[in-house]
Amino acid sequence: MPLLDIDCISHAYGTQAVVRELSFQLETGQIACLLGASGCGKTTMLRLIAGFERPATGSIRLNGVTVADTNLHMPAEKRRIGMVFQDYALFPHLSIADNIGFGLHQKSTLEIRQRVDEMLDLIGLSNRGERYPHELSGGQQQRVALARALAPEPHLLLLDEPFSNLDIALRERLSLEVRDILKRAGMAAILVTHDQNEAFAVADVVGIMREGRIEQWDTPYNLYHRPATRHVADFVGQGVFISGEVLSRQSIKVELGILESDVPMECGTSCAECGRGCRLDVLLRPDDVIHDDASDVLAEVVAKSFRGAEFLYTLRLDSGAEVLSLVPSHHNHAIGEQIGIRLAVDHVVGFPNRQ
Amino acid sequence: MNYHWNWGIFLEPVKGGDETYLDWLLTGFGWTLAVSLSAWLMALMLGILVGTLRTTPSKPLAALAAAWVELFRNIPLLVQMFLWFFVVPELLPRELSLWVKQDMPAKEFITATLCLGLFTSSRVAEQVRAGIEALPSGQRMAGLALGFTLPQTYRHVLLPCALRMVVPPLTSEFMNVFKNSSVAFAIGVLELTFQARQMQEDSEQGIETFFAVTLLYFICAFTANRVMALIERRTRVPGQMAGQMAGHQTT
């Protein structure tokens with residue numbers, strides 16, 4: 001039995017459908033992420049799970065108990081679902097220790113103190129319990145918000161854009177820290193974000209959301225290497241599509257050579273029994289295009305961006321098509337130069353030609 | 001100008017009595033304090049309740065609270081005094097109406113306090129509502145997500161922050177209560193303004209009289225201001241009011 005079972009949930013604000021027949025499941029201890037552009041319905045989905053909104057259709061089961069369906073709405077305070085907010089929502093009139101102990105109001109003073117100390121340890125702020133929220137940095141406040149949500153031992157933790165108010169360097173460090181804290185606590189969590197780096201750093205499994213639906217629910221690796229739809233391929237990571245001609249179910253010819261796919265390709269509706277001659281757009285990630293001086297395939301450097309360890313080159317092929325290539329940064333080529341390239345595509349991903 | 005100055009008038013006996021004019025003014029001052037402080041207490045309790053109800057998710061409660069505010073805020077205070085004093089008793093059941101008109105003790109005082117209290121409660125309610133609405137929406141959700149019911153969330157999260165935030169605007173309302181209490185003279189409460197008019201007619205020393213009255217009102221309002229400033233300093237939400245950050249113990 002999954003810890004959380006979202007079944008066919010829909011929700012609308014007025015006539016505006018925000019979440020459409022959305023389903024997914026979460027196992028105990030698993031960290032999931034809903035990733036999508038703003039307005040895709042991800043925050044609404046989080047509020048539906050937390051109990052701040054009521055779904056129009058579908059049901060939500062937590063630990064085997066139905067917490068929401070068409071006739072039933074368990075109030076938020078009964079669900080034992082912790083929440084961490086974008087602005088942290090710490091209580092400014094309470095000390096850090098009182099903030100963390102807030103959800104433990106039904107316990108004895110001694111139990112509260114023990115749990116608060118435990119949580120302060122967990123987030124590395126042991127000697128700051130007497131401070132007030134405004135005396136802490138943004139990163140520390142976010143960790144306190146996490147500790148406050150974890151203290152009452154909720155069934156599930158929800159995090160709404162938890163790192164978006166932090167600067168980028170801190171964001172990366174804290175996202176790993178948060179993952180570590182959640183894993184140590186064995187806590188199942190759902191993170192909502194529009195930042196894929198954050199999603200990939202924290203989550204075991206990611207749902208790419210678009211217009212109220214989940215387009216793909218998969219591991220970060222598969223989202224990058226085996227995107228299920230063109231939108232997922234576009235949204236996750238960088239890359240370009242170049243046109244290719246299908247030779248057989250597992251091989252396709254593109255301008256840079258013949259690609260062998262490890263799984264049969266699906267060309268889409270126009271040719272269910274995929275035969276020769278069908279045309280597909282093939283996804284090429286920057287790491288699929290390798291710079292190789294020995295190669296006799298040449299491409300012209302039209303743009304480059306320095307990223308420290310590597311350059312991201314934009315290369316123009318003879319046909320005029322452009323591809324991206326990630327090259328170790330000691331290969332410093334000038335714009336306009338012709339450089340040798342070859343393909344190293346582990347996972348061939350093609351979608352029907354967009355007409 | 002041939003005004004005859006007489007600053008000693010306050011200690012002179014009133015015409016046809018053994019009190020001094022000072023006694024009159026001090027009695028008036030006492031009633032002013034009694035009306036104002038009772039009305040303020042009532043306004044605070046009702047205002048916090050009504051202001052809170054306006055922010056609840058319950059539509060009927062919020063509508064009721066909104067109607068309350070609009071009713072008491074949009075009618076001039078003087079007209080409200082007359083309504084409570086002359087009109088409302090007529091609308092009561094016959095027995096009660098008779099009792100109110102003939103036998104109710106301290107009728108003027110009770111009517112004035114009720115009227116001023118209700119009028120001020122609508123203004124307090126608006127400040128409280130603004131304070132609650134100024135809080136980030138995450139505060140309410142955070143309280144609920146931590147297992148607090150909505151009333152508990154109001155009690156332990158929203159009101160403690162909102163009420164501290166609205167102390168400065170409430171200061172003005174508190175000062176206004178003293179000043180507005182002067183309207184009670186219109187229905188015959190023997191408060192400061194009433195006594196001043198009486199002393200002016202009786203003694204014909206209008207300038208001295210109103211100088212003293214001005215001073216007494218000023219003392220009331222200024223004391224209210226200082227008391228509220230003290231409350232503001234004592235209850236400040238840590239780190240929320242600019243300019244006083246140094247007041248924190250950082251050791």
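H5(B) crosses H8(B) in a right-handed sense in this predicted model. The two helices, residues 107-134 and residues 167-180 of chain B, pack at an angle of about 165°, and their axes are 10 Å apart. Angles over 145 degrees count as roughly antiparallel, so H5(B) and H8(B) are roughly antiparallel.

**The H5(B) and H8(B) contact**

- From H5(B), the contact takes in B:Leu116, B:Phe119, B:Thr120, B:Arg123, B:Val124 and B:Gln127.
- H8(B) contributes B:Pro169, B:Leu170, B:Glu173, B:Asn176, B:Val177 and B:Asn180.
- Sorted by class, the contact of H5(B) with H8(B) holds six nonpolar, four polar and two charged residues.

**A helix pair in chain A**

- Helix H4 (residues 138-150) and helix H5 (residues 168-185) of chain A pack at an angle of about 20°, and 11 Å separates their axes.
- Since angles under 35 degrees count as roughly parallel, H4(A) and H5(A) are therefore roughly parallel to each other.
- The crossing of H4(A) and H5(A) is right-handed.
- On the H4(A) side, the residues in contact are A:Gly139, A:Gln142, A:Arg143, A:Leu146 and A:Leu150.
- They meet A:Leu170, A:Arg173, A:Leu174, A:Glu177, A:Val178, A:Ile181 and A:Leu182 of H5(A).
- The class count for H4(A) with H5(A) comes to seven nonpolar, two polar and three charged residues.

**Nonpolar cores**

- The largest nonpolar core contains 89 residues.
- Within that core, A:Leu4, A:Met45, A:Ile49, A:Leu156 and A:Ile190 have the most contacts.
- Another core, of 44 residues, lies apart from the largest one and includes A:Leu104, A:Leu157, A:Ala199 and A:Ile208.
- What does A:Leu156 touch, leaving aside its neighbours within four places in sequence? Its contacts include A:Leu3, A:Leu4 and A:Leu26, along with A:Ile49 and A:Leu62.
- A:Leu156 is also in contact with A:Arg80, A:Ile81 and A:Gly82, and with the run A:Met187, A:Ala188, A:Ala189 and A:Ile190.

**Chain A overall**

- Chain A comprises eight helices and 20 strands.
- Its C-alpha trace spans about 75 × 50 × 35 Å along the principal axes.
- Of its 355 residues, 51% count as buried.
- Among contacts in chain A with a separation of 6 or more, 66% come from residues 24 or more positions apart.

Notes. Residues are numbered from 1 along each chain as its sequence is written. Chains are lettered from A and ligands numbered from 1 in the order in which they are written. This is a predicted model: local features need pLDDT of at least 70, side-chain atom pairs count only at pLDDT 80 or more; totals for chains, interfaces and linings use all residues. Side-chain values use heavy atoms; hydrogens and water are left out. Axes are lines fitted to C-alpha atoms, for helices over the stretch in contact, and angles run from 0 to 180 degrees between N-to-C directions. Helices (H or I, at least four residues) and strands (E, at least two) are DSSP runs, numbered from the N terminus. Angles under 35 degrees count as roughly parallel, over 145 as roughly antiparallel, 65 to 115 as roughly perpendicular and the rest as oblique. A crossing is left-handed if the near helix is turned anticlockwise from the far one by less than a right angle, and right-handed if clockwise. Contact means heavy atoms within 4.5 Å. Ala, Val, Leu, Ile, Met, Phe, Trp, Tyr, Cys and Pro count as nonpolar, Asp, Glu, Lys and Arg as charged, and the others, Gly among them, as polar. A nonpolar core is a set of buried Ala, Val, Leu, Ile, Met, Phe, Trp, Tyr and Cys residues joined through side-chain atoms within 4.5 Å. Buried means under 20% relative accessible area, exposed over 50%, partly exposed in between (1.4 Å probe, protein chains only).
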